[in-house]
Amino acid sequence: MQRRHFLASASALTLPAVFSSRLASAVNEPSANALIIGGSADLTGPLSDNGKSMQRGTEAAFAEINAQGGVNGRPLHFSLMDDGYKADKTVVNVKQLLANNKVMALMSCLGTPNNTAITPLIEAADLAHLGPLTGAASLRKPSIKHIFHVRASYDDEVQRLVENLLSMNLRSLAIAYLDNGLGQELLKVGLDTLNKNGLKAVAQVPIAGDGNGVDAAVQQLLASKPSALLLFTAGNVSTDVAIAARTLSPGLPIAGLSVTLSANGIAKMGEKAAGIALTMVLPDAYSTKHLLVRRFQSAMLASKQDDFNSKSLEGYVNAQMMIEAVKKAGKNPSRSGIRESIASLQSVDLGGFRVDFSTRSSVGSNYVELGILSKSGRLIG
């Protein structure tokens with residue numbers, strides 16, 4: 001990410017409507033010999049954009065392999081249940097999936113509080129959860145044996161982002177953080193990183209998850225006269241905070257994490273999104289120099305989807321890792337067999353993105369790059 005592009009973030013640039021709002025077409029009921037992979041994600045609540053994008057990428061990957069005859073002659077089916085980003089509903093969904101002996105593993109459950117709630121259930125069961133959509137360090141303890149993280153941690157993202165801003169001599173940082181466990185965890189890492197560099201945040205203001213009080217919170221943040229604003233937020237509220245900040249202070253550099261803004265949120269921001277910097281835990285979903293991205297785009301287009309974004313790519317990547325594990329587990333795998341296969345995956349090169357569960361405790365990647373939103377709304381590294 002180049003400093004001049006980030007600091008030019010107030011340019012009057014308009015985003016075209018490049019992001020598809022179409023949902024994945026209805027998936028047929030699984031055939032009798034299908035291997036079912038379950039999941040729970042927000043499809044109707046504040047993180048529904050992310051959940052739907054992940055679903056599209058996952059189903060595109062499964063459709064791709066099924067068109068080739070499946071894995072060991074058996075098709076894969078993704079059974080994704082909606083939880084509206086409510087942790088108690090996620091628990092209900094996962095209990096239902098666990099009770100179905102045809103569900104061989106879980107994949108891509110979305111949200112830090114949601115994954116926190118279901119972790120004890122998964123650890124008590126004899127199956128794996130691959131690629132939870134959270135980077136929370138609290139869920140990456142060595143004592144957790146059945147959960148396998150594909151993406152880098154939020155700690156990795158926050159440290160890389162803060163250090164990069166400091167290297168640009170942007171040292172007066174204000175932090176807006178989500179007023180829940182996720183936001184508080186991110187805030188701590190951000191403050192610790194600043195402290196290691198002999199600095200403190202000029203302001204740190206909690207943001208309600210329902211968006212109440214955003215305008216007042218943004219005014220408080222801007223009153224600290226920051227050189228840049230950090231968004232440790234996720235979901236629709238991130239868009240509200242960014243719009244309010246850009247309205248009151250058009251030239252203020254803004255930066256966030258991979259989970260901060262959704263594709264629809266970026267489109268909603270219009271010209272106010274240009275120049276915002278975000279961390280990337282996967283390659284650019286439009287960068288066809290990577291074999292992974294070329295395969296992803298081909299699979300998406302074959303499924304009549306064109307929303308090439310980080311969340312749909314993450315769904316595709318998690319699905320590819322599940323495919324690799326199922327291949328190793330044999331034609332008639334058990335839950336424990338798939339779990340053991342996932343744990344044994346080493347140096348899997350998906351074509352520009354490598355996953356390895358052998359060197360870190362159930363964490364496959366620490367890949368973090370920095371990108372900036374362009375005129376077209378693309379996040380470019």
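Guide: Two strands count as paired if DSSP finds at least two bridges between them. The model is predicted, so its local features need pLDDT of at least 70 and side-chain atom pairs pLDDT 80 or more, while totals for chains, interfaces and linings use all residues. Residues are numbered from 1 along each chain as its sequence is written, and side-chain values use heavy atoms, without hydrogens or water.

Start with the open sheet of seven strands, in the order β7-β6-β8-β9-β10-β13-β14. Its pairing is mixed. Strands (E, at least two residues) and helices (H or I, at least four) are DSSP runs, numbered from the N terminus. β7 (203-207) and β14 (379-380) are the edge strands, and each pairs on one side only.

Inside that order, β8 (residues 228-232) runs parallel to β9 (residues 254-256), over three bridges.

Now the helices. α6 (residues 181-196) packs on this sheet and touches β6 (173-178), β7 and β8. Contact means heavy atoms within 4.5 Å. The direction of α6 makes about 160 degrees with that of β6. Axes are lines fitted to C-alpha atoms (for helices, over the stretch in contact), and angles run from 0 to 180 degrees between N-to-C directions. α7 also lies across β6, β7 and β8, at about 175 degrees to β7.

α7 (residues 214-223) packs against α8 (residues 236-248) too. Their angle is about 50 degrees, and the axes are 9 Å apart. That makes α7 oblique to α8. From α7, the contact takes V214, D215, V218, Q219 and L222. From α8 come V237, D240, V241, A244, A245 and L248. By class, this contact holds eight nonpolar, one polar and two charged residues.

The other open sheet has five strands, ordered β2-β1-β3-β4-β5, with parallel pairing. β2 (76-82) and β5 (147-148) are at the edges with a single partner strand each, so one side of each has no neighbour in the sheet. Three bridges join β1 (residues 35-41) to β3 (residues 103-107), running parallel. There, G38 faces L106 of β3.

Two helices can be traced on this sheet. α2 (residues 48-66) touches β1, β2 and β3, with its direction at about 165 degrees to that of β2. α12 (residues 335-343) touches β3, β4 (129-130) and β5. The α12 direction makes about 40 degrees with that of β3.

Note on methods: Angles under 35 degrees count as roughly parallel, over 145 as roughly antiparallel, 65 to 115 as roughly perpendicular and the rest as oblique. Ala, Val, Leu, Ile, Met, Phe, Trp, Tyr, Cys and Pro count as nonpolar, Asp, Glu, Lys and Arg as charged, and the others, Gly among them, as polar.
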